[in-house]
Amino acid sequence: MKSVSSVSLRSCNRFKYPQPFKMSDYPPTGLSKGVKELPEWIQKGCGNEEYYCEEKGATFLGAADKMPDELPDLSEHNNFLTDVLKKQPELYKNLKDKKTKLGVTLGHCIKTGIDNKGHPMIKTVGLVAGDEESYELFAELFEPVISARHGGYPKDAVHPTDLDVSKLTDTKIDPTGKYVLTSRCRTGRSVKGFKLPPVTDFEERRKLEALVVKGLLSMEGDLKGDYFPLHGSQSYAPKPNGMSLEKEEELRTAGNLFQEPDSTLLLSSGCGRHWPDARGIFHNEASNLFVWVNEEDQMRIVSMEKGDDIKRIITRFANATTQIQKVLKAEGADFMHSEHLGWILTCPSNLGTGLRAGCMVKVPLFSARPDFKAVCAKMGLQTRGTAGVDSASTGGTWDISNADRLGKSEVQLVNIFIEGVAQIIRWEQALEAGENIDEAVAKAGLPAKF
């Protein structure tokens with residue numbers, strides 16, 4: 001039987017991609033024109049080398065021949081990685097000289113958490129995987145970080161996977177159509193035999209793009225669409241300089257396309273290297289299915305639409321992942337998946353389902369309660385402002401989604417989301433009617449049947 005990597009990589013060679021005209025002005029030996037217009041501290045993470053920027057305190061190097069013998073001072077660090085390293089400093093020496101079959105070191109995985117001491121609004125993980133084997137070879141470090149990030153996940157736990165949409169609850173989130181503005185479901189997928197974005201090299205990223213795009217362009221019916229590389233990418237022959245600036249701006253303005261790597265978390269992780277080469281977005285003709293290619297994850301899949309029809313959104317999402325996987329298998333590849341960790345993705349925070357089912361919902365009265373976020377957390381929900389994880393609400397509108405990723409199946413998490421947001425809307429209606437909801441709110445928790 002042929003290996004996954006040999007079959008998938010060879011099959012991708014059938015996709016011809018143009019070579020840059022001046023390699024000094026394009027990765028891997030230079031920087032792209034668009035990157036040269038960005039601040040220097042971002043440019044330093046978009047070439048071929050590891051991110052090194054004294055201005056941003058990014059000075060830890062993770063390559064096997066560059067890792068220091070001792071860890072730097074971690075006393076002011078506050079992330080899940082450094083919490084573990086402070087308690088078990090011997091882990092660094094125990095794992096420092098190990099390397100996965102694809103060449104990933106411990107340093108590659110921990111660099112972002114060493115370079116970035118913490119975040120003012122959220123507790124970051126500080127740890128990424130460079131390939132599928134990273135989670136096994138460096139398990140002494142990954143397992144306690146995963147357990148802490150996911151609220152206690154045992155080393156011998158088995159993660160359930162279930163995308164059977166027929167098992168979704170029939171509860172209507174917003175029967176009146178007054179409260180939910182938009183709904184979406186997103187997850188990630190990675191392809192076996194390839195390194196993950198923090199460590200992948202220039203040619204490998206292009207081969208992965210070709211393989212994934214082949215799967216995306218095979219989709220038909222309401223999933224049929226086209227692929228648009230980032231503006232300036234020279235990796236995809238049908239669009240040799242990527243999408244137009246106008247198309248890119250249109251997608252970004254609508255919140256459907258990722259930014260350049262303007263965060264030291266991403267730059268230190270290695271996800272900015274060779275930007276923008278072999279990155280892009282697929283979307284269907286109705287613009288309610290989007291697939292990001294080669295950003296933080298190899299694939300980030302988003303299904304969305306106005307209103308609260310989460311069943312239709314999940315069905316579209318499930319059909320898309322099934323079709324992509326079918327093409328991958330025909331090419332000798334498949335998604336990364338583990339019985340213990342579920343779908344394998346770059347950041348441990350997204351392991352398991354990698355799924356975030358959420359909606360923009362306007363609940364100004366209920367969200368004005370001082371215990372709003374705490375009550376949502378008891379119900380298995382996470383709240384974000386209208387512009388993301390550390391932003392504020394606008395006019396009582398919040399982005400509410402499932403909080404968990406690991407340890408519960410896709411169906412369980414979506415049902416928790418549906419039942420939870422439906423209850424929040426009922427409380428909002430009660431407050432509009434002048435009713436007291438304190439007794440009911442005090443009993444809030446996860447739905448008993450899920």
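Leu81, Thr82 and Leu85 in helix H4 meet Ile110, Gly113 and Ile114 in helix H6, where contact means heavy atoms within 4.5 Å. By class, this contact of H4 with H6 has four nonpolar, two polar and no charged residues; Ala, Val, Leu, Ile, Met, Phe, Trp, Tyr, Cys and Pro count as nonpolar, Asp, Glu, Lys and Arg as charged, and the others, Gly among them, as polar. The model is a predicted one, in which local features need pLDDT of at least 70 and side-chain atom pairs count only at pLDDT 80 or more, while totals for chains, interfaces and linings use all residues. Residues are numbered from 1 along each chain as its sequence is written, and side-chain values use heavy atoms, with hydrogens and water left out.

The axes of H4 and H6 (residues 106-115) come within 9 Å and cross at roughly 100°. H4 is therefore roughly perpendicular to H6. Axes are lines fitted to C-alpha atoms, for helices over the stretch in contact, with angles from 0 to 180 degrees between N-to-C directions; angles under 35 degrees count as roughly parallel, over 145 as roughly antiparallel, 65 to 115 as roughly perpendicular and the rest as oblique. Helices (H or I, at least four residues) and strands (E, at least two) are DSSP runs, numbered from the N terminus.

H4 (residues 80-87) also packs against helix H8 (residues 139-149), the axes coming within 9 Å and crossing at roughly 125°. The two helices are therefore oblique to each other. In this contact, Phe80, Leu81, Val84 and Leu85 of H4 meet Leu141, Pro144, Val145, Ala148 and Arg149 of H8. Eight of the residues are nonpolar, none is polar and one is charged.

An unreviewed UniProt entry annotates residues 63-151 as "domain: Phosphagen kinase N-terminal". The end C-alpha atoms of this span lie 31 Å apart, and the span is 44% helix and 0% strand.

Further features lie in the loop between helix H11 (264-269) and strand S3 (280-284), which holds Trp275. The peptide bond from Trp275 to Pro276 is cis, with omega near 5°, and Pro276 is found in that loop. Ala278, placed in the loop between H11 and S3, has a positive phi of about 60° although it is not a glycine. Most residues other than glycine have a negative phi, and most peptide bonds are trans. A cis peptide bond also joins Pro27 and Pro28, with omega about 5°; Pro28 is found in the loop between helix H1 (4-12) and helix H2 (33-36).

How values were computed
UniProt positions renumbered as here; feature names shortened; annotations may be inferred.
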